[in-house]
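Here is a short briefing to read alongside the structure. Take a moment to turn the model around, and then walk through the points below.

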Amino acid sequence: MADKWKHTALLVIDMQKDFIHEDGQMLVNGGRAIVPNVIEAVEVARQRGILVIWVVREHDPLGRDVELFRQHLYNTGKVGPTVKGSVGAELVDGLVIKEGDYKLVKTRFSAFFATHLHSLLQRAGINNLIITGVQTPNCIRQTVFDAVALDYQSVTVIFDATAAATPDIHAAF
């Protein structure tokens with residue numbers, strides 16, 4: 001069965017405490033509800049020998065690497081969202097990076113933008129992607145658009161393992 005899936009990777013995008021926990025600085029309201037489905041997707045991927053890639057945001061404490069529209073969140077005297085090493089940057093409970101998985105740090109919506117994801121996937125012979133995580137209209141959509149533009153053969157979004165601020169926004173994707 002592993003041969004069938006050797007050209008597939010599962011991307012788990014931004015399933016971090018600052019996006020999922022109720023007190024998270026960048027709370028995605030639908031995020032908490034999908035955690036069990038993301039856990040299940042990761043378990044199934046590992047059983048099938050699918051490469052699991054944990055795509056996370058980790059930012060400089062001063063916000064020097066964030067989008068201009070978010071810089072104000074790092075100039076408050078408090079720790080900003082998903083600062084490297086902060087509690088908010090940690091994966092939510094139940095999601096664990098294991099041996100054989102890969103952690104990719106990004107600083108923008110797309111997992112491909114200014115990262116080495118495409119070269120990593122090419123080197124591994126990956127041409128099919130399965131996408132889970134948050135937030136549908138931003139990081140999920142932009143990663144999907146870039147994957148399509150980069151000619152991945154199949155890009156699948158697991159609807160009930162992705163989320164947005166509201167069900168209507170999620171469904172509009």
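Of the 173 residues in the protein, 47% are buried. Keep in mind that this is a predicted model. The points below go from the overall fold to one pair of rings.

**Fold and dimensions**
- The protein contains six helices and five strands, and from the N terminus their order is α-β-α-α-β-β-α-β-α-β-α.
- The radius of gyration is 15 Å, close to the 16 Å that the globule rule gives for 173 residues, so the protein is as compact as a globular protein of that length.
- Along the principal axes, the C-alpha atoms fill a box of roughly 50 × 35 × 30 Å.

**Contacts and surface**
- Among contacts with a separation of 6 or more, 73% are between residues 24 or more positions apart.
- The protein exposes about 8,900 Å², and carbon and sulfur atoms supply 54% of that area.

**Aromatic pairs**
- The structure has two aromatic pairs, one of which is formed by Phe112 and Tyr152.
- The rings of Phe112 and Tyr152 are tilted, at 5.7 Å centre to centre and with 40 degrees between the planes.
- This pair links distant parts of the chain, 40 residues apart: Phe112 is in the loop between strand E3 (102-106) and helix H4 (117-123), and Tyr152 is in the loop between helix H5 (136-149) and strand E5 (154-163).
- Phe112 counts as buried because its relative accessibility is 9%, under the 20% cut-off.
- Tyr152 is buried too, with a relative accessible area of 8%.

Definitions and conventions: Residues are numbered from 1 along each chain as its sequence is written. This is a predicted model: local features need pLDDT of at least 70, side-chain atom pairs count only at pLDDT 80 or more; totals for chains, interfaces and linings use all residues. Side-chain values use heavy atoms; hydrogens and water are left out. Helices (H or I, at least four residues) and strands (E, at least two) are DSSP runs, numbered from the N terminus. The radius of gyration is taken over C-alpha atoms; the globule rule is 2.2 Å times the number of residues to the power 0.38. Buried means under 20% relative accessible area, exposed over 50%, partly exposed in between (1.4 Å probe, protein chains only). Contact means heavy atoms within 4.5 Å. Accessible areas come from the Shrake-Rupley method with a 1.4 Å probe; for residues, only the protein chains shown count as cover. Rings of Phe, Tyr and Trp (its six-membered ring) pair if their centres lie within 6.5 Å; planes under 30 degrees apart count as stacked, over 60 as edge-to-face and the rest as tilted.
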